[in-house]
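Reader: I would like to go through this model and its ligand site step by step. Please show it first.

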Amino acid sequence: MTIVIKVGGSIADGIENIARDLKSLNEPCVLVHGVGPQADELTRKLGKEPRWVISVQGIRSRYTDKETVEIFNRAANDLNNEIVSTFKKEGITAIGLSNAIYAQRKDRIKIIESGRKMILEGDYTGKITGIDKKRFADLIERKFVPVIGPMALTEQNEIVNVNADRAAAFIAKELGAEIVLNFSDVPGVYDSNKKVIRRIPAQQLEQKMKEVSGGMVMKLLAAKEAMEFGVKRFVIASGVVENPIAKALDGEGTVVEQ
Ligand SMILES: Nc1ncnc2c1ncn2[C@@H]1O[C@H](COP(=O)(O)OP(=O)(O)O)[C@@H](O)[C@H]1O
Ligand SMILES: [Mg+2]
């Protein structure tokens with residue numbers, strides 16, 4: 001049973017707890033990581049201010065021009081190395097992967113600015129179209145844990161930024177994984193009273209997407225895609241507790257199921 005684990009950039013800087021738990025679980029696994037906060041930090045360090053846009057679907061995302069995607073790629077590579085080294089220290093044979101997610105560059109995106117629809121050109125975000133399944137499968141077969149960030153390769157050999165939550169769902173589909181564990185800095189999806197929702201049936205995801213904000217919208221979209229792809233369970237849980245994997249598999253956090 002392969003498990004796909006996604007860790008948010010918000011928590012990816014110190015995931016010894018996840019490594020230790022994975023070690024005792026001893027199951028095949030792929031680790032997908034985000035890099036948002038690290039990329040923002042590097043952007044500011046380089047004297048640029050991160051820019052956000054709202055798509056016509058109402059989803060907030062980074063405006064990613066050529067310079068931004070290069071910064072993203074740098075930050076993602078650095079973080080990837082850091083995670084691989086943390087995992088290795090904990091005794092896991094992790095291996096960093098790049099150019100193993102394929103995407104189509106969006107190039108132009110439709111956004112809403114000051115209440116008006118606009119087309120933004122020169123965008124370097126991508127829609128995931130595939131993965132290098134053989135490379136993942138071979139590594140898993142050889143008991144490696146592939147560690148991959150949110151960068152993808154286009155047919156034109158350009159590097160684009162993709163969303164890590166959705167990448168995890170896609171990878172799960174391609175590898176036939178039944179479970180996606182999405183670890184973040186919150187203990188699950190909160191309801192309006194800030195209580196963690198224990199379970200969201202797949203058919204309620206679309207409604208729930210309207211009730212959350214920020215990065216949670218993308219997570220629920222990724223959960224919805226995972227369900228459509230045939231993934232059985234998508235858990236949104238805290239990645240900053242002891243034994244996060246065991247707890248999430250045990251039903252802590254928000255469990256999305258068919
Ligand atoms: N209903 C909600 N329940 C939990 N978190 C929410 C909710 N609505 C918005 N959020 C925000 O979503 C964030 C998680 O998404 P994100 O920042 O993208 O994290 P990650 O780095 O793990 O992808 C939380 O830190 C929280 O601020
Ligand atoms: Mg996020």
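The questions below take up the annotated domain, the sheet and the ligand site of this predicted model.

Reader: Which domain does UniProt list for residues 1-237?

Author: The end C-alpha atoms of residues 1-237 lie 20 Å apart, and the span is 36% helix and 31% strand. For this span an unreviewed UniProt entry lists a domain, and the name given there is Aspartate/glutamate/uridylate kinase.

Reader: Which are the edge strands of the open sheet?

Author: The sheet is built of eight strands with mixed pairing, in the order 5-8-2-1-11-13-14-12. From one strand to the next, the twist averages 20°. An edge strand pairs on one side only, and this holds for strand 5 (94-97) and strand 12 (199-201).

Reader: What is the bridge partner of Val180 in strand 13?

Author: Strand 11 covers residues 179-184. Strand 11 runs parallel to strand 13 (residues 233-238), and six bridges join the two. In strand 13, Val180 has as its bridge partner Phe234.

Reader: Which element supplies the largest share of the shell around ligand 1?

Author: The shell around ligand 1 has 16 residues, and the closest are Ser184, Asp185, Tyr190, Ser213 and Lys219. At least two shell residues each come from strand 11 (179-184) and helix 7 (215-229). The largest share, three residues, belongs to helix 7.

Reader: How many residues of the shell around ligand 1 are charged?

Author: The 16 residues that surround ligand 1 include Asp185 and Lys219. Six of the shell residues are nonpolar and seven are polar, while the charged ones number three.

Reader: What share of the accessible area of ligand 1 does the protein cover?

Author: A backbone N or O atom of Tyr190 is 2.8 Å from a nitrogen atom of ligand 1. A polar side-chain atom of Lys219 lies 2.8 Å from an oxygen atom of the ligand, and for a backbone N or O atom of Met216 the distance to a ligand oxygen atom is 3.5 Å. On its own, ligand 1 has 570 Å² of accessible area, of which the protein covers 74%.

Note on methods:
Residues numbered from 1 in each chain as written. Chains lettered and ligands numbered in written order. Predicted model: local features only at pLDDT ≥ 70, side-chain atom pairs only at ≥ 80, totals over all residues. Heavy atoms only, no water. UniProt positions renumbered as here; feature names shortened; annotations may be inferred. Helix = DSSP H or I, 4+ residues; strand = E, 2+ residues; numbered from the N terminus. Near = heavy atom within 4 Å. Polar contact = N/O pair within 3.5 Å; in protein donor to acceptor, adjacent residues only side chain to side chain. Areas by Shrake-Rupley, 256 points an atom, 1.4 Å probe, with all protein chains shown as cover. Nonpolar A, V, L, I, M, F, W, Y, C, P; charged D, E, K, R; others polar. Pairing = 2+ DSSP bridges. Axes fitted to C-alpha atoms, helices over the stretch in contact; angles between N-to-C directions.
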